[in-house]
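Good morning, and thank you for coming. I would ask you to look at the sequence and the structure together while I go through them.

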Amino acid sequence: MTRPLLAALDLHVSFPHPRGRVRALDGVDIEIAAGETVALVGESGSGKSTAALTLMGVHRPDSGRVLFDGQDVTGARASALKALRRQVQMVLQDPYSSLDPRWTVARILAEPLEANEWGSREARQRRVAELMRRVGLPEDAAGRRPTEFSGGQRQRISIARALALEPRLVIADEPVSALDVSIQAQIINLLLDVQRDTGVAYLVISHDVALVHQVADRVVVLYLGQVVEQGPTDRVIRAPLHPYTVALISAVPELEASADRRRIVLPGEPPSPLSPPSGCAFHPRCPVARDHCRRERPLLSGVGSASVACFFPGELRPPGVRPA
Amino acid sequence: MVLLKRGLPDNPTRGKRRRIHDPFRVSRPPTAYGPAAHVTQSPSDRPPDAYAEETGTWASRLDRQPIGTSLAQSMSPAVLELEALRVEFPTSQGVASVVDDVSLFVARGEALGMVGESGSGKTMIALSLLRLVPEPGRIAAGSIHVAGRNLLALDERSLNQLRGRDVAMVFQNPMSAFNPVRSIGHQLVASLRRHGCTGRREARSRALRALGDVGIPSPEERLDAYPHQLSGGMLQRAMIALAMVNGPSLLIADEPTTALDATIQAQILDLLRQRLGSAGLLLVTHNLAVAAGLCHRIAVVYAGRVVETGETAHIIRRPRHPYTRALLRAAPRIDPSRPRLESIPGQPPGPRDLVAGCRFASRCERASARCAARPRLTGGSQHAFACWHPVETGA
């Protein structure tokens, strides 16, 4: 494999808490190649947003490294971080709270250019107009403020802002979950079109397995701060091996559930990262856990093109699939 | 269309502590989307909110009937009949009918999914059913019957007796729906005692059982817990316990799983399916797939109007309204071929842009001059749609 655009190696991130430390990430590896879309899937508390912010250099990991283009940017100084952020931009979930309501769209889009002393004043103006066209905002939007726009239009502004500096990687944290279904498709298609034209790589953070299947080349499934399964999207979503992945996919409501498709409904809830369970973090909810799983933590190991952290991979089968 | 006089009492038992149990007092003619006939039944002699040990369900005051009975065979009386409802809000450009001529029907034991985007008026419809439309909005026309009682003719006092007893609601965010400074048990007991369960000890034991029924582990401890001490999923279970504790005829669930994680969503949908018993469910959601998984029938709402309604399989497999079909094609799904999502151009109209004609026309690829006139909902109880240029079946 060629050198990845971004690599996170054995990231550990924890936060202080009155009752000890919360282990948000517990040895996470993520690799993103240039031009590829990787999805980070997990429930709330799984550490997916912490992972994104650590990659952006917002959180400093306790241990582990972040390499961008082969260069170690872990704990980089402010000046180096600024250079990193030209290349790595973010689109946030809530287009209502992530845009300054008092700024015009033109000013919002010009800000990253100005902060990075990009081109001349005229060049910046041209760039802003180009960005607005690129994301499908009307020309008269430049002088208007975010409050005059709907959620979908605001998310277009967010995307335009993230694209302003021609980054090589855009981290999109739940980019469409705040939008209506009819608007979601517009934004997803926009992200895919931009990627086709510019070759930007995406790290999409989402809890929506169907969305992830639509956009991602590879999927990384997080549970309680650990990667439980990762691999090519088709493999992970159509033939999941980790019981948690199986259950997560089974939980996706489908329009036409076939008669033999019984849903696996996991008991209980994700445990607190303050006191993670012994052994495999998933064992208290796992339908196929044994004693071994309670004692020892399974390591991520390769199975074909994917890897999975489970002592009994493939034992829990997706409903409707008969055992071989 | 009936213009309303608010506060007109129609309840002869008003003021008495014991309610007279006669949910089917009003026998009404069938609606276009209702069952073929309504059956007037004698009041059940079952005690109001009987807990059936053998099945582990709370029977509502209507006789129990297994969920899954199809509309046609059930002939069951309506727990909800909504006819020609109009809700108006004043705007700077005149009055906007954010809910316009909406008729819905829910039989007992039946789940109806009301699907729409934000601003479609679906939450306003749900709030109307508790007569909780916020000011300055008002119910301008229509009639609402819950378990046979005319909701719009009730005075405030009878209305409060009805809320939480005959009609209960599960909200999207349980954290803001519970009182944060009262324990879960306190709130359950308060609801029970308000609606006729006078004994403190009995109320407590019923509250305990209600928490156990929704799958809350160690309910004794959770009874004295405060809302912030429970996780989102647990609190939503408690919310369902609170809603079901008085055995309502109609349960309204407004996006009950939207704020929850995927695996917890599946738990809550399962729970709703199990606990429903003979109550009718109105599930309000933006997610067609969630509605399809739980509901017998679906009503698709767009810009304050029902554009298509019918049995779930018809809506999902053979949508006739272009909007329904577009919604189905816009949602990402796990499909190996990964077709490009078909997006719907533009966005839903705001309250100031509501036109008299078809409100979807401006976004519709099939629109013509004819769409300036309003298409009426036509069809039978299996499937009805409001469109001049419906999608051909089999398309």
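I begin with a term: two strands are said to pair if DSSP finds at least two bridges between them. Helices (H or I, at least four residues) and strands (E, at least two) are themselves DSSP runs, numbered from the N terminus. What you see is a predicted model, in which local features need pLDDT of at least 70 and side-chain atom pairs count only at pLDDT 80 or more, whereas totals for chains, interfaces and linings use all residues. Residues are numbered from 1 along each chain as its sequence is written, while chains are lettered from A and ligands numbered from 1 in the order in which they are written.

Let me take a sheet in chain A. E1(A) and E2(A) pair in the antiparallel sense over ten bridges, and A:Ala7 has A:Glu31 in E2(A) as its bridge partner. Strand E1 (residues 6-17) also pairs with strand E4 (residues 63-68) of chain A, antiparallel and over five bridges; here A:His12 is partnered by A:Ser63. E4(A) is joined in turn to strand E5 (residues 71-72) of chain A by two bridges, again antiparallel, with A:Phe68 opposite A:Gln71. The hairpin of E4(A) and E5(A) has two residues between the strands, and A:Asp69 takes a positive phi near 55 degrees there.

What is the order of the strands in this open sheet? The order is E2-E1-E4-E5 (chain A), four strands with antiparallel pairing. Strand E2 (20-32) and E5 of chain A are at the edges and have a single partner strand each, so one side of each is left without a neighbour in the sheet. Helix H1 (residues 48-55) of chain A packs on the sheet and touches E1, E2 and E4 of chain A; its direction makes about 65 degrees with that of E2(A). For that angle, axes are lines fitted to C-alpha atoms, for helices over the stretch in contact, and angles run from 0 to 180 degrees between N-to-C directions. Contact between two residues requires that their C-beta atoms, placed from the backbone, lie within 7 Å.

I turn to chain A as a whole. Chain A has ten helices and twelve strands. A compact globule of 324 residues would have a radius of gyration near 20 Å, and the 21 Å of chain A agrees with this; the radius is taken over C-alpha atoms, and the globule rule is 2.2 Å times the number of residues to the power 0.38. Of the 324 residues, 47% count as buried, that is, with 20 or more other C-beta atoms within 10 Å of their own; exposed is 12 or fewer, and partly exposed is in between.

Two loop residues of chain A deserve mention. Most residues other than glycine have a negative phi, and most peptide bonds are trans. A:Glu174 has a positive phi of about 50 degrees and is found in the loop between strand E7 (169-173) and H6 of chain A. A:Leu224, with phi near 50 degrees, lies in the loop between strand E9 (218-223) and strand E10 (226-232) of chain A.

Now chain B. Chain B contains twelve helices and 14 strands, and buried residues make up 52% of its 395 residues. A cis peptide bond, with omega about 0 degrees, joins B:Glu135 and B:Pro136; B:Pro136 is in the loop between helix H2 (122-128) and strand E6 (138-146) of chain B.

Finally, the two chains meet: 36 residues of chain B are in contact with 35 residues of chain A. Helix H9 (262-275), helix H10 (288-294) and helix H12 (322-330) of chain B each supply at least two residues of the touching side of chain B, and H9(B) gives the largest share, seven residues. As for H12(B), seven of its nine residues are buried, among them B:Tyr323 and B:Leu327. The buried residues of H12(B) pack against helix H6 (181-198) of chain A as well as H10, strand E11 (297-302), strand E12 (305-311) and helix H11 (312-317) of chain B.
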